[in-house]
Amino acid sequence: MSRVERISGLRGMNDILPADEALWRRFDDAVAATMRAYGYQRIRTPILEPTRLFVRGIGEVTDIVEKEMYSFTDALNDEQLTLRPENTAGVVRSVLEHNLLYDGPKRLWYTGPMFRHERPQRGRYRQFHQVGAEALGFAGPDADAEVILICQRLFDDLGLAGISLEINSLGAADERRAHREALIAHLAADEGVLDEDARRRLHTNPLRILDSKNPALQSIIAAAPKLIDFLGEASRAHFESLQSLLRAQNVPFRINPRLVRGLDYYNLTVFEWVTPFGPERTPLTICGGGRYDPLIEMLGGKPAPACGFAVGVERVLELMRATEHAVDSSLCDVYVAHQGDAAAPVALQVAERLRDAGLDVILHCGGGSFKSQFKRADGSGAWFAVVIGEDEVARGAASVKWLRESASASGRQESVPLDDLADLIIDQLTADDEQ
Ligand code: ATP
Ligand code: MG
């Protein structure tokens, strides 16, 4: 007998199962509250965009555009499309398309899945999620400080331990040009050491070589001329001012002159939040951001400054799992158990009334003994079981059973008239809350 083939999901693309839902919700709620606290509005852009958007908006000589994009031709109209590898380009496209900057700067945030064809490993997936914020139209270091403070508040709120902030300045285009020449000279003097990627990038995008994770390159990278030494007056003032704002808010940071970020359109401030250990005991970045003043113009808009960040959600959840005590994963407040033909419609009616009163209710389906139903009730994490059998129907009452240790009297059982049921349960739940 032939068995039907079972189809597996794609490598590096994860199912997020109900068991993880409480953790995701805790994260999502903290994000929404934090963004609100800073006056950021949510924007939702499509997952598919024209390939050109990312080629122009991220840069041709980047890991993402060179080898990580899921791009394909739409067979129906021959369009080149790409699953978004990040959302800044999409947000800026949308802002320009809808002229959102017409009445001044905008504070925006987004969350959702991103797609990159990378080698899957812990903390690195092919479909992963990012939360990001973009402050569009603000030129000063106060906006840089604000987006960093958003991260700080979010990570504090989530109780993340052991993460640290690194900052750097990439200066302005002409400063990067002078540094670039010095950098090419330094790297070319020892060209034999470079790997294939680095040799290819030597004359196209040498700054990106500093971002290389190849251990063989680390000593030549360490000895390379530092961009920070090439900064002019204005860039230095911007960087100084950001630092003093952070100091004034007691945000600890470290200046990392090697920090360049993967994307091409950054200028001035760049920052990353890192955890001490990743999979190979290398630092793992949970959030990257900075200023990208050239981007809006590069995508066809009227020049306007911008800064923002993107948080890797899976990496943060990993940290939450490591640092956090159990999150409440109960499915409902009340589990309604019932037995007998007469009880079934009464139980359904009771469940609906309890939901009307604002309670979360699971109504038992599929029959079975009360004993087996109580097992389900325990498994649901409910505070109360409401039991309806033939006796109860005859009396117009239900038995309420206290299920959880912390419910004011675990194991207690009481007969309650159906009309009083919702009030009694809500009273008990609030009493427990106040204890
Ligand atoms: P990395 O150097 O780790 O490849 P990146 O510079 O490519 O990171 P960004 O484009 O700045 O990353 O994205 C911001 C954040 O999104 C990263 O700091 C990381 O937390 C997360 N991230 C990036 N790529 C992945 C991925 N493939 N899987 C899971 N999270 C990711
Ligand atoms: Mg990457």
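**Reading burial, packing and pairing**

Modeller: C332 is buried, with a relative accessible area of 2%. Buried stands for under 20% relative accessible area, exposed for over 50%, and partly exposed for the range in between (1.4 Å probe, protein chains only). This is a predicted model, in which local features need pLDDT of at least 70 and side-chain atom pairs count only at pLDDT 80 or more, whereas totals for chains, interfaces and linings use all residues. Residues are numbered from 1 along each chain as its sequence is written, chains are lettered from A and ligands numbered from 1 in the order in which they are written, and side-chain values use heavy atoms, with hydrogens and water left out.

Biologist: Where is the place of C332, and with which residues is C332 in contact, leaving aside its neighbours within four places in sequence?

Modeller: Helices (H or I, at least four residues) and strands (E, at least two) are DSSP runs, numbered from the N terminus. C332 belongs to the loop between α11 (313-323) and β12 (334-338). Contact requires heavy atoms within 4.5 Å. Beyond neighbours within four places in sequence, C332 touches D360, V361, I362, S380, G381, A382 and W383.

Biologist: At what angle do the axes of α1 and α11 cross?

Modeller: The axes of helix α1 (residues 21-37) and α11 cross at roughly 115 degrees and come within 11 Å. That makes α1 roughly perpendicular to α11. In this contact, L23, W24, R26 and F27 of α1 meet V313, E314, V316, L317, M320 and R321 of α11.

Biologist: Turning to strands, what is the order of the open sheet?

Modeller: Two strands pair if DSSP finds at least two bridges between them. The open sheet has 8 strands in the order β1-β5-β6-β11-β10-β9-β7-β8, with mixed pairing. β1 (41-42) and β8 (254-255) stand at the edges, each with a single partner strand, so one side of each lacks a neighbour in the sheet. β1 runs parallel to strand β5 (residues 106-115), joined by 2 bridges, and Q41 has L108 of β5 as its bridge partner.

Biologist: How many residues of strand β9 are buried, and how many bridges join β7 to β9?

Modeller: In β9 (residues 267-275), 9 of the 9 residues are buried, so this strand is largely enclosed by the rest of the structure. Strand β7 (residues 164-169) runs antiparallel to β9 through 6 bridges, and I167 stands opposite F271 in β9. β9 also pairs with strand β10 (residues 284-291) in the antiparallel sense over 7 bridges, where V270 stands opposite G290 in β10.

Conventions: Axes are lines fitted to C-alpha atoms, for helices over the stretch in contact, and angles run from 0 to 180 degrees between N-to-C directions. Angles under 35 degrees count as roughly parallel, over 145 as roughly antiparallel, 65 to 115 as roughly perpendicular and the rest as oblique.
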